[in-house]
Amino acid sequence: MSSDLPSYEQAAALVAAHARRLARQKKPRTERVPLGNAANRILGAPIAAEDDQPPFARSTRDGYACRAAQASAHKTLPIAGSTHAGQPPAGPLPPGKAWEIMTGAPVPPGADCVVMLEHVERSDSTIRLAPEHKINPGDNIVAKGAQARRGDEQLPPGLRLGPAQIALAASCGYARLDVYVRPRVAILTTGDELVPLEAAPGPGKIRNSNAPMLAALVASAGAEPIVLPTAADTAEALDEALSQALEADILLISGGVSAGKFDLVEPALARLGAQFHFTGVRIQPGKPLVFGEVAGSGLKPYINRPRSEEPSGPASIPIFGLPGNPISSAATFHLFAAPIIATLAGSRETHPRFVLAQLSRDTDRKTKPGLTRFLPAFCQFNPSISELPQVALVPWQGSGDLTAFARSNCFLVIPEDASFLEAGTTVRILLH
Ligand code: AMP
Ligand code: MG
């Protein structure tokens, strides 16, 4: 009965707890990569400031360095010299004078503010702060070391390296960065009906679309996908395939987890001694999702490279049995597999990024309450910063409808206790 199954929130909390435990068992190793290859990797060691940041008191404006008390008294200040960005700091500011300065240039010692060019009345050789303006000490100057002191940790390990982090690393002189070795995620698709991309599907057959989809999802979750040969729907084929799959850090199996006669994945995992954490979740699509783990040692090495773990002993491999319908596979991947991959990849950002949007059309009134739904939808972002993005369901023919899925850019969340949502409601979506 589905009421015995965990809710989305319960299942997500279980996955997160097991992910944290598994991550403690095997700390990711680090490797050093050139800064140019570090985008989207997870930082494996702190980035420290090589010097005070900024390394000198820096002007944030084009204008005149001077003393705030004198400028605010609207005194006429002779211009004693000029510094532009890239020049070394000028000597001390002579008393009662101003110093022409450009954005990014070092402020001469003795000056405690920079008045903006636009705020002064200027003659050939003097300036005066215009009567309608005031200035305070510190204005338009970033003091030496205000961002960070030499040797300070600027970024902790576990951050995903995006453009901002890469820029910071560059500013600190890191030509190479220590990043975590990506976990290896084996992808095992199952099903007698599946033919590879290159083959023309015969009667009753379909192309295997989950293998490339899951490979793309795994890569974008920050892990290394390893696509295994498809297994047929027999106990022997599954046993053989699983024995090869368990050299990875995480195993994703697609198909074979529903209640049908040829849904043989759970028994095959049980024969391997798998421990099951749940074998279904109150969600749609993806209700038959299986989550468990199996000891990862002593099995035939399919993959020749070592697992990304300390050689301190065998650790368990988390396993997801994803329902084979493509949208079920994708939804359960985003909701449950991506968080565990992110955790084992050493990332601090592990949760699905649910965001708010406004529903632009009523949802279908037919859905029965009792399951949290994650339905393909299209979120229209708009240029407004005061209005929410507008989201509407994409009409679909069920969880095998790849046409609808490929026209969507998010999942709309319909809470467990709702049967439909009205246009105008603020809703949660998960971008995919
Ligand atoms: P299953 O979970 O094995 O019962 O499969 C559910 C549905 O998903 C069936 O219609 C399968 O044909 C389809 N399916 C299973 N695996 C794949 C796959 N790798 N690629 C595309 N469709 C699949
Ligand atoms: Mg199947």
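Two strands are taken to pair if DSSP finds at least two bridges between them, where strands (E, at least two residues) and helices (H or I, at least four) are DSSP runs numbered from the N terminus. The model is predicted, with local features needing pLDDT of at least 70 and side-chain atom pairs counted only at pLDDT 80 or more, while totals for chains, interfaces and linings use all residues. Residues are numbered from 1 along each chain as its sequence is written, chains are lettered from A and ligands numbered from 1 in the order in which they are written, and side-chain values use heavy atoms, without hydrogens and water.

In strand β9, L129 is the bridge partner of V120. Three bridges join β8 and β9 (residues 126-129) in the antiparallel sense. Both strands belong to an open, mixed sheet of six, ordered β7-β4-β6-β5-β9-β8. Its edges are β7 (113-116) and β8 (120-122), each of which pairs on one side only. From one strand to the next, the twist averages 40° (axes are lines fitted to C-alpha atoms, for helices over the stretch in contact, and angles run from 0 to 180 degrees between N-to-C directions).

Turning to helix α1, its 18 residues reach 26 Å from first C-alpha to last, close to the 26 Å expected at 1.5 Å a residue (1.5 Å times one less than the number of residues). Buried residues (under 20% relative accessible area; exposed is over 50%, partly exposed in between, with a 1.4 Å probe and protein chains only) include Y8, V15, H18 and L22. The buried residues of α1 fall within an arc of 140° seen down its axis, so they line one face of the helix; the arc is that of the directions from the helix axis to the C-beta atoms. On the other side, E9 and R24 are exposed.

Where does H18 sit? H18 lies in α1 (residues 8-25), and H18 counts as buried because its relative accessibility is 15%. Leaving aside neighbours within four places in sequence, H18 is in contact (heavy atoms within 4.5 Å) with H277, F291 and E293.
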